[in-house]
Amino acid sequence: MIKKVKINKIENWQLVQRQNLPLNIKIKKTQHIIREWYDYYNGEVYVAFSGGKDSTVLLNLVRGIYPEVPAVFVDTGLEYPEIKEFVNTIENVEIIKPKMSFIQVLEKYGYPVVSKKIAYQINVLKNPNENNKATRKLYLEGIKRDGTKTKSWKLANKWKYLVNAPFKISSKCCDVMKKEPIKRYVKQTNKKAYIGIMASDSRMRESTYLSVGCFNHNAKTCSPLSFWREEDIWDYIKLYNLPYCNIYNMGWDRTGCMFCMFGVHLEKTPNRFQCMEKTHPKLYKYCMNKLGLKEILKYIGVEYKNKQCCLNNWEEK
């Protein structure tokens, strides 16, 4: 049984040690974590299911012990068609939807560009008022309320031009399209989530794992795969001949929202949009023209026309 007490921080060496464990040991440890979470919340749990490979492995592990646990899929309308097709093949999946469409989010709040943090900062700076005066000073000059300086929240000079961009910029998209439907579901059912994230996914997720481990009682989430690596996911799929979404066989290694621009400026050519033109031409035209992404990408200096796609094995939709 999990004791709801302050969790001691995990050291970096401990994370590395766990990441280097053989797959069979990782599976056993993950199964133990799954049981602990289930028992603590008396079976009032669900699997946050995106249709991607990580959550597919997680769902298989959870249902290998508790077959009745539901999967919850947020149908944002931004998923690859192959993801939705795969989700429809899985039993006992509850499909929930946001209250707003993506185009409504863009019109009301703005476009998701660069990163969540920078988009949030730009949004504040583009909308000055008396209440955010101190916050704007922090973002522009790196000066906190007490007068001390910090580099972590000062907006990099190379992004300051976005304050004058002729379009709205915001980090609200994920909140509206994904987090709000989940919060609504949790409020209605009082169920607690298993989520398929790994510390190796990003610095933020690594930091979270080092702070709370696999059990995050404040967020009401359990991440049993936190100490896995991507190669473990593929090894598990091969070991158990586990069905997974065909999008990976087309060469894609990410299955997030199709039209999200976060991080695209860091991608090598061809980037996600250049490859989308090749694999999903109709959706490419829709996002470039109907959603206006073409002008946004131009403004931030990101190529969007396909020159040479890296996806050798693809199917036109």
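Colleague: Which residues have the most contacts inside the largest nonpolar core?

Modeller: A nonpolar core is a set of buried Ala, Val, Leu, Ile, Met, Phe, Trp, Tyr and Cys residues joined through side-chain atoms within 4.5 Å. Buried stands for under 20% relative accessible area, exposed for over 50%, and partly exposed for what lies in between, with a 1.4 Å probe and protein chains only. In this predicted model, the largest such core has 89 residues, and Tyr194, Trp228, Phe259, Met261, Phe273, Leu293 and Leu297 have the most contacts inside it. Helix H2 gives the most to this core, with 6 residues. Apart from it lies another core of 7 residues, including Tyr46, Val72, Val74 and Ile195.

Colleague: With which residues is phenylalanine 273 in contact?

Modeller: Contact means heavy atoms within 4.5 Å. Leaving aside neighbours within four places in sequence, phenylalanine 273 is in contact with Met258, Phe259, Cys260, Met261, Val264, Tyr284, Cys287, Met288, Leu293, Leu297 and Tyr304.

Colleague: Is lysine 26 buried or exposed?

Modeller: Lysine 26 is buried, with a relative accessible area of 0%. Its place is in helix H2, residues 23–40; helices (H or I, at least four residues) and strands (E, at least two) are DSSP runs, numbered from the N terminus. Beyond its neighbours within four places in sequence, lysine 26 is in contact with Arg18, Gln19, Asn20, Leu21, Phe227, Trp228, Arg229 and Asp232.

Colleague: What joins the side chains of lysine 26 and aspartate 232?

Modeller: A polar contact is a pair of N or O atoms within 3.5 Å; within protein, one must be able to donate a hydrogen and the other to accept it, and residues adjacent in sequence count only if both atoms are side-chain atoms. Such a contact, of 2.5 Å, joins the side chains of lysine 26 and aspartate 232.

Colleague: How many salt bridges does the count come to?

Modeller: A salt bridge is a side-chain nitrogen of Lys or Arg within 4 Å of a carboxyl oxygen of Asp or Glu. The count comes to 13 salt bridges. One of them joins glutamate 141 and lysine 137 at 3.3 Å, N to O. Being 4 residues apart in helix H7 (residues 133–141), these two are separated by about one helical turn. Glutamate 141 is partly exposed at 42% relative accessibility, and lysine 137 is partly exposed at 35%.

Colleague: With which residue does glutamate 267 form a salt bridge?

Modeller: The partner of glutamate 267 is arginine 272, the closest N and O atoms being 2.6 Å apart. Glutamate 267 counts as partly exposed at 29%, whereas arginine 272 is buried at 6%.

Colleague: How many aromatic pairs does a search of the whole structure find?

Modeller: Rings of Phe, Tyr and Trp (its six-membered ring) pair if their centres lie within 6.5 Å; planes under 30 degrees apart count as stacked, over 60 as edge-to-face and the rest as tilted. The search finds 18 aromatic pairs. Tryptophan 234 and tyrosine 248 form an edge-to-face pair, 5.4 Å centre to centre with 85° between the planes. This pair links distant parts of the chain, with tryptophan 234 in helix H10 (residues 230–239) and tyrosine 248 in the loop between H10 and S8, 14 residues apart. Tryptophan 234 is partly exposed at 23%, while tyrosine 248 is buried at 10%. Ring pairs also link Trp37, Tyr40, Tyr41 and Phe215 into a cluster.

Colleague: Where does the charged end of lysine 117 sit?

Modeller: A charge sits over a ring if NZ of Lys or CZ of Arg is within 6 Å of the ring centre and within 35 degrees of the ring normal. The charged end of lysine 117 sits over the ring of tryptophan 153, 4.6 Å from its centre.

Colleague: Which peptide bond is cis?

Modeller: Most residues other than glycine have a negative phi, and most peptide bonds are trans. Here the bond from threonine 269 to proline 270 is cis, with omega near 0°.

Methods
Residues numbered from 1 in each chain as written. Predicted model: local features only at pLDDT ≥ 70, side-chain atom pairs only at ≥ 80, totals over all residues. Heavy atoms only, no water.
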